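Please examine the sequence and the three-dimensional structure shown below. The paragraphs that follow it lead through selected parts of the structure in turn.

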2 protein chains.
Amino acid sequence: MKCRKCKALAAVALPSHNTAFCAECYPDFFRSQVERSIHRHKMIAPQERVLVAVSGGKDSLALIMQLQELGHDVHGLHVDLDIPDSSPEARRVCETFCESLNVPLTVVELRREGLSIPLVKSKIKRPICSVCGKLKRYYFNKFAIENNFSVLATGHNLDDEVSRLFANTVRWDSAYLSDQGPLLPATAGFASKIKPLYRLTEFEIANFCFLRGIEHVTAPCPYSAKASFPIYKGLWSDLETRMSGAKVQFYENFLRDGRPVFAAWADRKESALVACSSCGYPTSAETCGVCRIKNMVGQEQEA
Amino acid sequence: MKCRKCKALAAVALPSHNTAFCAECYPDFFRSQVERSIHRHKMIAPQERVLVAVSGGKDSLALIMQLQELGHDVHGLHVDLDIPDSSPEARRVCETFCESLNVPLTVVELRREGLSIPLVKSKIKRPICSVCGKLKRYYFNKFAIENNFSVLATGHNLDDEVSRLFANTVRWDSAYLSDQGPLLPATAGFASKIKPLYRLTEFEIANFCFLRGIEHVTAPCPYSAKASFPIYKGLWSDLETRMSGAKVQFYENFLRDGRPVFAAWADRKESALVACSSCGYPTSAETCGVCRIKNMVGQEQEA
């Protein structure tokens, strides 16, 4: 196979795009995919500062590098989860990488918030992955709002998005289906959330990291559960093998034809958000989920 | 494993129901599933005559036998497609089986309508499976209406329904998603359509046929296309193996939480049906799909 662009011997075959690229031209394909997503969904306004959530994994590091190369004003934010044998290495990778790019990085330490993940895990009976996700989203948004970032970028890829969409479709979760997508516009108390890598697969991002020499964390989180996500990822991977383009079609068709139906439905029954009685952040209950977790972990008693 | 009912050695394991049955008790399980579906969706009113579409395959023969055993007043309808090496055997199987049950059977011959499937296939460029399906649905409904059957039962099983739902979900086809289900109520010009086997898998129906000694057609239609359906069926079969109950949950969740959302959406943009200018049947165009096919096959010229 030959490179679509320069006709040299191809290094990366992309059946879902019905094409292939050599090692030199592949990053151009990658950049154009990211540019196209940003442009089509109007993710970033001119001169807008972008806060990028970085975990140390391939997706977030590829994202911050690509956004910087596209000329955006990026700032990294890493949440240190305080998980032994995992968090120190993830933090080191983020710090080293951002320093090499000359990108400012802020680290939020959950330990300092009284929310070290091992402690939370020991106190809270719910699956730790969903609690950890909630905490990260809260602190990403809190930092963005408090530091005047109007847009928060995360490294979610096509496989993440398709698995999540499929999981919520199997449940026909209309609340989820009404507002998910590569751009969640800013609302009172929330920065806009963007996913510039949403059209790129894990394979395509791993290739970018390999070709650009990005050192990233590869070990899975030691707490990661036996979730249904890996099963769904495997299923869509099999389907993609047999029907090239299945993933991106499912997701793009959802954005075009599925989401508007659920959004119209949700409009009828929207519940207003109020300020959390404890921390002031927007919530649909009296106390927000993170303050409830803090209470459960025993912060209130210690205070 | 032991039979859930009589504790004898089990002959059929049903992981999705977390149970197993012996050969003698299995038909009781089967009957209760069919009864439950009919009851829950109010498919058949007391004393209502039921027209059952029979193809000669396992599903439709199991259906007509089970409905008769449940005390319903059933009448079989077979559409002879006139496909060489296939239709004569299917027709013979239906005739022999209905005779053995002492159930009346009517055969509609597409050849007499000028719509022999090999002729249609040679004249029409669209995929023959979708054209053939349209013709069968038309003649099933026509016979029902003209002979005062208010309800038409088909042998669609859980695998059919899940594959079709999934195919339409991948496309986010809101027209399809707004009104599909095990019961389509009667409307002007249309009998109600019911699928009493919708909670039973192909495996469960094949078991019923084996245990009850039902001779049925097993050869696939010689014209059946390389459709995406078999791929989707395989995918859901894999998923079911890893997550017992996945199929029935996807489908039942759709009926409860997905369909109402699409139905509300469809209500906004419903297009009125009018009588076909040629045959008088309800259609959204001036001439119905079957009359258009007839025209294409050349009936008009011969008339």
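In an unreviewed UniProt entry, residues 1-22 of chain A are listed as "signal peptide". In this model, which is predicted, that span is 0% helix and 27% strand, and the C-alpha atoms at the ends of residues 1-22 of chain A are 10 Å apart. The unreviewed UniProt entry also lists residues 50-215 of chain A, under "domain: tRNA(Ile)-lysidine/2-thiocytidine synthase N-terminal".

The contact between the two chains draws 21 residues from chain A and 21 residues from chain B. On the side of chain B that touches chain A, at least two residues come from each of α6 (158-170), α9 (229-242) and α10 (246-268) of chain B. Of these helices, α10(B) supplies the largest share, 9 residues. Sorted by class, the side of chain B that touches chain A comprises 12 nonpolar, 5 polar and 4 charged residues.

Pro118(B) belongs to helix α4, residues 117-123 of chain B. Is Pro118(B) buried, exposed or partly exposed? Pro118(B) counts as partly exposed because it has 17 C-beta neighbours inside 10 Å, whereas a buried residue would need 20 or more and an exposed one 12 or fewer. Leaving aside residues up to four places away in sequence, Pro118(B) touches Asp82(B) and Ile83(B). Between the C-alpha atoms of Pro118(B) and Ile128(B), which are 10 residues apart along the chain, the separation is 9.3 Å.

Definitions and conventions:
Residues numbered from 1 in each chain as written. Chains lettered and ligands numbered in written order. Predicted model: local features only at pLDDT ≥ 70, side-chain atom pairs only at ≥ 80, totals over all residues. Contact = placed C-beta atoms within 7 Å. Helix = DSSP H or I, 4+ residues; strand = E, 2+ residues; numbered from the N terminus. Nonpolar A, V, L, I, M, F, W, Y, C, P; charged D, E, K, R; others polar. UniProt positions renumbered as here; feature names shortened; annotations may be inferred.
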